[in-house]
Amino acid sequence: MSCDNHYDKDLNNTENMERYGNMEANYDRGRYNKFYFVRCMFVLYAIASIFGCGSPENANSASPTASSSQSNSPPSTAFDPIPPEVPIRRAYTRYQSPPSGFTSAIGWMQTIHDIRRTGTSQVEVDWMRLYARVNGIDYMIAEDNFNSGIVWGGLYQRSPWFATNNSTSLPAQFDAQNGYLYLHVSDVTDRVWHWWGAQWPRASIPSGVTNIWFEARIRIHGPALVQIGIDLWRSPSALYENGQNNLEAAASDWKFESDGGWQTIVAGTKP
């Protein structure tokens, strides 16, 4: 039964009037207390909102802690100094000594300008040397010291990497008196600068060889990178024939500028 019906039924009863009066007073007090409580809560909420900690929404929108910031941020990735189009990114040796049917070898070099970086770049080459070990003795079977001012090579497609065998001439400069090759790599940034030993016919590999390796002494200026390697050929004068007569035996790691100092790079298995 509702309170209103109870009031109508006992309206003329004095005792009940007093009871109703008490009930109305209690009701008023309860209503006032409820109003006071709501008012206090509103004031507290306003104060808390000013300081940014009042509601769940404000709590979620507050500045994240260090741990939450780390968990929400993408994982950091270290900068790879080797451009992404380069296929052979680390040193490897496929043949420590030549397989049957391959009797000749040649050393090669290549360089590119890192187009992600600013500045000019240049590569200097002092010499290139090809070695073979037979019965525990090391022999230098080919050398280029650039005193003659001759280099064989060209500019090849960079992306995709060596997609064709077509090339344009290599813009090389020489200091023939001191025996240096200079390559201004930043002059042509969309090509691979690729060159190899000028000896022709190519060097013959001695019989009984156990190791073959290639070395080059270089100096790098600016954002260029250099790699060297070894190709094996079926004979000293075999032609390319779409790659049927040669194999890549080894390649070095890529080398970068080192305070303008000279570096010696090695490809293959040096004892």
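A salt bridge here is a side-chain nitrogen of Lys or Arg within 4 Å of a carboxyl oxygen of Asp or Glu. The model is predicted, so local features need pLDDT of at least 70, side-chain atom pairs count only at pLDDT 80 or more, and totals for chains, interfaces and linings use all residues. Residues are numbered from 1 along each chain as its sequence is written, and side-chain values use heavy atoms, with hydrogens and water left out.

**Exercise 1.** Work out how many helices and strands the protein has, and what share of its residues is buried.

*Solution.* 
- Step 1: take DSSP runs, numbered from the N terminus, with helices as H or I of at least four residues and strands as E of at least two. That gives four helices and 14 strands.
- Step 2: call a residue buried under 20% relative accessible area, exposed over 50%, and partly exposed in between (1.4 Å probe, protein chains only). Of 271 residues, 33% end up buried.

**Exercise 2.** Find which residue arginine 217 forms a salt bridge with, and where the two partners sit.

*Solution.* 
- Step 1: Aspartate 126 is the partner, and the closest N and O atoms are 2.7 Å apart.
- Step 2: Arginine 217 is in strand S11 and aspartate 126 in strand S3, so the pair links parts of the chain 91 residues apart.
- Step 3: check the cover. Aspartate 126 is buried at 13% relative accessibility, while arginine 217 is partly exposed at 25%.

**Exercise 3.** Find the salt-bridge partner of glutamate 124 and say how covered each end is.

*Solution.* 
- Step 1: glutamate 124 pairs with arginine 219, with 3.1 Å between the closest N and O atoms.
- Step 2: glutamate 124 belongs to strand S3 (residues 122–134) and arginine 219 to strand S11 (residues 209–221), 95 residues apart.
- Step 3: glutamate 124 has a relative accessible area of 6% and is buried; arginine 219, at 22%, is partly exposed.
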